[in-house]
Amino acid sequence: MTAADYANSMKAIKPQLDAREAQEDGQRILSKVTGTGGRNARFAAAGLPTQAYGLLSVIAGTESPGYNVLNGGERFDSYDDHPRRKGAGGLSTAAGRYQFVKGTWDRVSSVLGLPNFLPENQDKGAWWLAQADYKARTGRDLTSDIDGGNFAAVRAGLAPTWEGIAKLSDEQFAARMLSAGSNGYAIDPNAVSAEINAIPDPDRRALVQRYLSGEIANQQAAYKQYSDTIGLKILQHQVTSETDILDDPVLSIGDKETHLRAYRSENEKSAGIADAIVNFTNGTLTVDPYDAKGKSTVDNLFDQIASSIPAERVMPTAEEIVRQAGVVPKRLLSAIRQGTESQNQQEVMEALQQASCEQRRRLPTVRPRQRRSGGLRHPT
């Protein structure tokens, strides 16, 4: 099989695979097509482009759990027409998997000639509406922007149409689109293409496995990038509450726990720095010089102050911190150590002199008691 044949086969296979079937018989993979995006969602309409199935799975994931759901959660029984009423506890006439309000459904069904509200017509109508509204608002082609990975523009262009999309951040929307695309798309199980069946079984199974290996790796990389971005935002204090992490629709439970610990640690660190600054300003900064937390407080305090004062004030500030706390900031220790290892005699002498000065400042603070096994004790 040539490289071109392989590429064409992948294009044909992609919409019809499920990662959970990768190790099973090739023909079973083709005859049992299931969900997308990790949500086990199925589509009633066959023949839509792969971009449609990916986008519709994301929209459905934010709007409704099923084709027969009214706004508010009530279920309806007949697909003869749009229900045209509010559901129990609902605020609008939104209905179906994509929560069409009656006026929007009338517009869609009129243009497409859809005679009823059957699930397959909801799929077709939602894809048409997404393309039409996106084109009207942006002047751009929706399919092209999905193919190009321009997910921020896609989300912005469709947010006025679907409230669920509007509630997602650009990162969350992109992660869901990538996940949907990586896991394959659910279609009518009977719509198995002749091109796939024409591939000999051993080759078909090999292609499936090779395709899934690459796509799953892409999905995992996209998720890791998303999770790393959340971690960076925590360090930059751009995450404002634990709820932002707990309610994130993309993060796994394990990563939520990891980010919550990081968030709480950063908050504790910020509070400690704030208290240390007040005490330092008042000349009353005291820490246990033998305790890791005390050393960390001094390091964080020095880093915070040093980043906001003129360079000529950094050393006097460090000296005052040492005088009050009896702990030499790690950055200052590193600078002294680097100086003593220099090939320049003058730099070595300056570093040694600095070390001697810091030791003299530190001794009056730490001499009254020493660290022994079991805690702080007075020397005998």
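Colleague: Which angles count as roughly perpendicular here?

Modeller: Angles of 65 to 115 degrees count as roughly perpendicular. Please bear in mind that this is a predicted model.

Colleague: At what angle do helix 4 and helix 5 pack?

Modeller: Helix 4, residues 102-112, packs against helix 5, residues 119-138, at an angle of about 95°. Their axes are 10 Å apart. The two helices are therefore roughly perpendicular to each other.

Colleague: Which residues make the contact?

Modeller: From helix 4, the residues are Thr104, Trp105, Arg107, Val108, Val111 and Leu112. Helix 5 contributes Asn121, Gln122, Lys124, Gly125, Trp128, Leu129, Ala132 and Asp133.

Colleague: How do the residues of that contact divide into nonpolar, polar and charged?

Modeller: In the contact of helix 4 with helix 5, seven are nonpolar, four polar and three charged.

Colleague: Turning to helix 3, how does it pack with helix 5?

Modeller: Helix 3, residues 50-63, meets helix 5 at an angle of about 95°, and the axes are 10 Å apart. Helix 3 is thus roughly perpendicular to helix 5. Gln51, Ala52, Leu55 and Leu56 of helix 3 touch Asp123, Ala126, Trp127 and Ala130 of helix 5. Six residues of this contact are nonpolar, one is polar and one is charged.

Colleague: How many residues of helix 3 are buried?

Modeller: Ten of its 14 residues are buried, so helix 3 is mostly covered. Among the buried residues are Tyr53, Gly54, Ser57, Val58 and Ile59. Gln51, Ala52, Leu55 and Leu56 of helix 3 are also buried.

Colleague: What span should helix 3 have?

Modeller: At 1.5 Å a residue, its 14 residues should span 20 Å. The end C-alpha atoms of helix 3 are 20 Å apart, which agrees.

Terms used: Residues are numbered from 1 along each chain as its sequence is written. This is a predicted model: local features need pLDDT of at least 70, side-chain atom pairs count only at pLDDT 80 or more; totals for chains, interfaces and linings use all residues. Side-chain values use heavy atoms; hydrogens and water are left out. Axes are lines fitted to C-alpha atoms, for helices over the stretch in contact, and angles run from 0 to 180 degrees between N-to-C directions. Helices (H or I, at least four residues) and strands (E, at least two) are DSSP runs, numbered from the N terminus. Angles under 35 degrees count as roughly parallel, over 145 as roughly antiparallel, 65 to 115 as roughly perpendicular and the rest as oblique. Contact means heavy atoms within 4.5 Å. Ala, Val, Leu, Ile, Met, Phe, Trp, Tyr, Cys and Pro count as nonpolar, Asp, Glu, Lys and Arg as charged, and the others, Gly among them, as polar. The expected span of a helix is 1.5 Å times one less than its number of residues. Buried means under 20% relative accessible area, exposed over 50%, partly exposed in between (1.4 Å probe, protein chains only).
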